[in-house]
Amino acid sequence: MIHLNPRIERLQPYPFERLAALVSDLEPPRDRPLLRLSIGEPEHPPPSALVETLRAAADRLGRYPTARGEPELRTACASWATRRFGLEAHPLDPERHVLPVCGTREGLFSIVQALVDPGDARALVVMPNPFYQIYEGAALLAGAAPYHINEEARRGYQPDWRAVPDDVWARCRLLLVCSPANPTGITHDLETYRFLLEKSDRYGFPIVADECYSEIYFSAAPPLGLLEAALRLGRDDYHGLLVVHSLSKRSSVPGLRSGFIAGDPALIAPLGRYRTYHGVAMPPPLQAASTFAWSDEEHVRENRALYREKFALLAKRIGSRTEVRLPEGGFYFWWRVAGDAEEITRALYREEHLLVLPGSYLSRPTPTGDPGVGHLRVSLVSDLARTRDLAERLSRFLEHHPEWTTNARAA
Ligand SMILES: Cc1ncc(COP(=O)(O)O)c(C=O)c1O
C-alpha cells in the first residue's frame, strides 16, 4: 500500500463542484444566455495600457524570475500601498516590507504553510465564516484546525470578536481577516483592529488581512487597511502584521495572477525563503504589466464607478421586492433570501439560466448556527449590459415567486 498525505482527505469539496452537482439534472432555457454569477471573476475589460505593457514585455521570457520579483515591481507595490493607506510616517520599504505573489490565492496559501508550525497539534487558524475557501484548505494542509468566527445577519454581519474564548486566542497561530469581506461585504473599523492587535500582542500570533477588495468601495472614504490601522493606533512598525493585495479585482485581470504581500519584515523574510523553495515566481512580462497597474489609478476609479452603477441598477429594479444591501466593499450581492437557498438556486437556473451560489457552500456549521444558510452570493461581475439583463431576469423571477420576496413576507 502506498502511503499518501492524509491531510488531502480533509479538504472539503470546492463550492463550484457542489454547485455543478446541484444543477446537473436541470434543463435551463436555451433561449437565454447563461449568466454566471457564482464566481468572483470580473468581466470588466482590463485597462488597454496594461495589456499593451504585457505585450511589449513578451521578449523578457529569456530569464528566470526571482521569487522576490524585480525591484521596479516591489517599488510600485510599496509606493501604492504607502499612498493609498497613508503610511508616509513609516513608508513601506520595497526591500524589506513587500513580496509579490502570483495572485493572492497562492499568497494566502503560502503564508499559512510558511508561518504555522506543522508540529503544533493544537494549532488553530482563526478565520471568518463564511469565508474564502483557500483559508480553510491552507489551514488543514498546514496541520492546523480552522476556527470559524460567524458573520451573521443579526449583527449586520460583523463578527462577534469579543465572544471568542481566551483558550481559542491562546491556541491561535494565525488570524485571517478579510476586509472588505467576501461574501458579506463588511469592513473592519479601527476599534475592531485595536481589539485584534491587543489579542495578537498578548497571545503572540500574526494577523493577516486579505484586502483584495480594498479598491471596490462605494463610500467617499476608502476602507481602512490593517497597516493603516496599526499606525493610527500609535504603533511605529508593522509587527506581526501582513496584508494581501491583488490586481484581479482592482484592475479586472484575474488571469494575470498578480498580487503582493506587505508588512512585518520578520514575517516577509521567512515567507520569501519558503517561496524560493516552493518555486513560485511571477513571469517577467507579468511583472511589467503589474508595475503599470499599481502605478495607475485612473482605470481603478473607472472600475469602481462601474460597480457602483451596477449596484444602483440592481437596487432600482428589484429593491421593492427584496433588500439589496450595498456592501461596504467588494462586488458581491449577499442576498438574504426568504426560502431555501439551494431550492432558489435551482429555480433561478431552471427558469432564468442564472447561476448563483448558495451561501452555505461558503460557510461551515458552528455550535451557534451556519451563517451562510438563507443567503445567496450573486457576483456582480458582468458588464453593464449583462447586469441590466440580470436585473430584468431577477425582477421577473421575483414576480413569479412572491413567496421568495423578502418584502412580501415582512408585509
Ligand atoms: C477574499 C478573496 N481573497 C483572495 C482571492 C484570490 O484572488 P486572486 O488570487 O485572484 O488575487 C479571492 C478571489 O475571489 C477572494 O475572494
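Reader: Which strands form an open sheet with antiparallel pairing, and in what order?

Author: First, the general idea. Strands of a sheet pair through backbone hydrogen bonds, either parallel or antiparallel. Now the case here, in a predicted model. Three strands make an open sheet, ordered β9-β12-β11, and the pairing is antiparallel. β9 (332-336) and β11 (357-358) are the edge strands, each pairing on one side only.

Reader: How many bridges join β11 to β12?

Author: Two bridges join them, and the strands run antiparallel. Strand β12 covers residues 375-379.

Reader: Which helix lies across β11 and β12?

Author: Helix α13, residues 341-352, does. Its direction is at about 40 degrees to β12.

Reader: Now the other sheet. What is the order of the seven strands?

Author: Read across the open sheet: β2-β8-β7-β6-β5-β3-β4. The pairing is mixed. β2 (98-101) and β4 (145-150) stand at the edges with a single partner strand each, so one side of each has no neighbour in the sheet. From one strand to the next, the twist averages 20 degrees.

Reader: In what sense do β3 and β4 pair, parallel or antiparallel?

Author: Parallel, over six bridges. Strand β3 spans residues 124-129. Asn-129 stands opposite Asn-150 in β4.

Reader: Which strands does α3 touch when it packs on the sheet?

Author: α3 touches β2, β7 (241-246) and β8 (259-263). The direction of α3 makes about 110 degrees with that of β2.

Reader: How do I read a pair of packed helices?

Author: Packed helices are described by the angle between their axes and the distance between the axes. Take helix α3 (residues 71-84) and helix α11 (residues 284-295): the angle is about 20 degrees and the axes are 9 Å apart. Angles under 35 degrees count as roughly parallel, so α3 is roughly parallel to α11. The crossing of α3 past α11 is left-handed.

Reader: Which residues make the contact between α3 and α11?

Author: From α3, they are Glu-72, Leu-73, Ala-76, Cys-77 and Trp-80. From α11, they are Gln-287, Ser-290, Thr-291, Trp-294 and Ser-295. By class, the contact of α3 with α11 has five nonpolar residues, four polar and one charged.

Reader: At what angle do α12 and α14 pack?

Author: About 20 degrees, with axes 9 Å apart. Helix α14 covers residues 384-400. α12 and α14 are therefore roughly parallel to each other. Check the handedness too: α12 passes α14 in a right-handed crossing. The α12 side of the contact includes Leu-306, Glu-309 and Arg-317. The α14 side includes Leu-384, Arg-388 and Glu-392. The contact of α12 with α14 divides into eight nonpolar, two polar and five charged residues.

Reader: Let us zoom out. Into which domains is the protein divided?

Author: Domain 1 takes 6-45 + 299-410, and domain 2 takes 63-295. Their centres, taken over C-alpha atoms, are separated by 26 Å. In the contact are 36 residues from domain 1 and 35 residues from domain 2.

Reader: Which element gives the most to the side of domain 1 that touches domain 2?

Author: α12 does, with seven residues. α12 (298-318) and β9 each supply at least two residues of that side. The residues of the side of domain 1 that touches domain 2 divide into 15 nonpolar, twelve polar and nine charged.

Technical notes:
Residues are numbered from 1 along each chain as its sequence is written. This is a predicted model: local features need pLDDT of at least 70, side-chain atom pairs count only at pLDDT 80 or more; totals for chains, interfaces and linings use all residues. Two strands pair if DSSP finds at least two bridges between them. Helices (H or I, at least four residues) and strands (E, at least two) are DSSP runs, numbered from the N terminus. Two residues are in contact if their C-beta atoms, placed from the backbone, lie within 7 Å. Axes are lines fitted to C-alpha atoms, for helices over the stretch in contact, and angles run from 0 to 180 degrees between N-to-C directions. Domain bounds come from an automatic or database domain assignment. Ala, Val, Leu, Ile, Met, Phe, Trp, Tyr, Cys and Pro count as nonpolar, Asp, Glu, Lys and Arg as charged, and the others, Gly among them, as polar. Angles under 35 degrees count as roughly parallel, over 145 as roughly antiparallel, 65 to 115 as roughly perpendicular and the rest as oblique. A crossing is left-handed if the near helix is turned anticlockwise from the far one by less than a right angle, and right-handed if clockwise.
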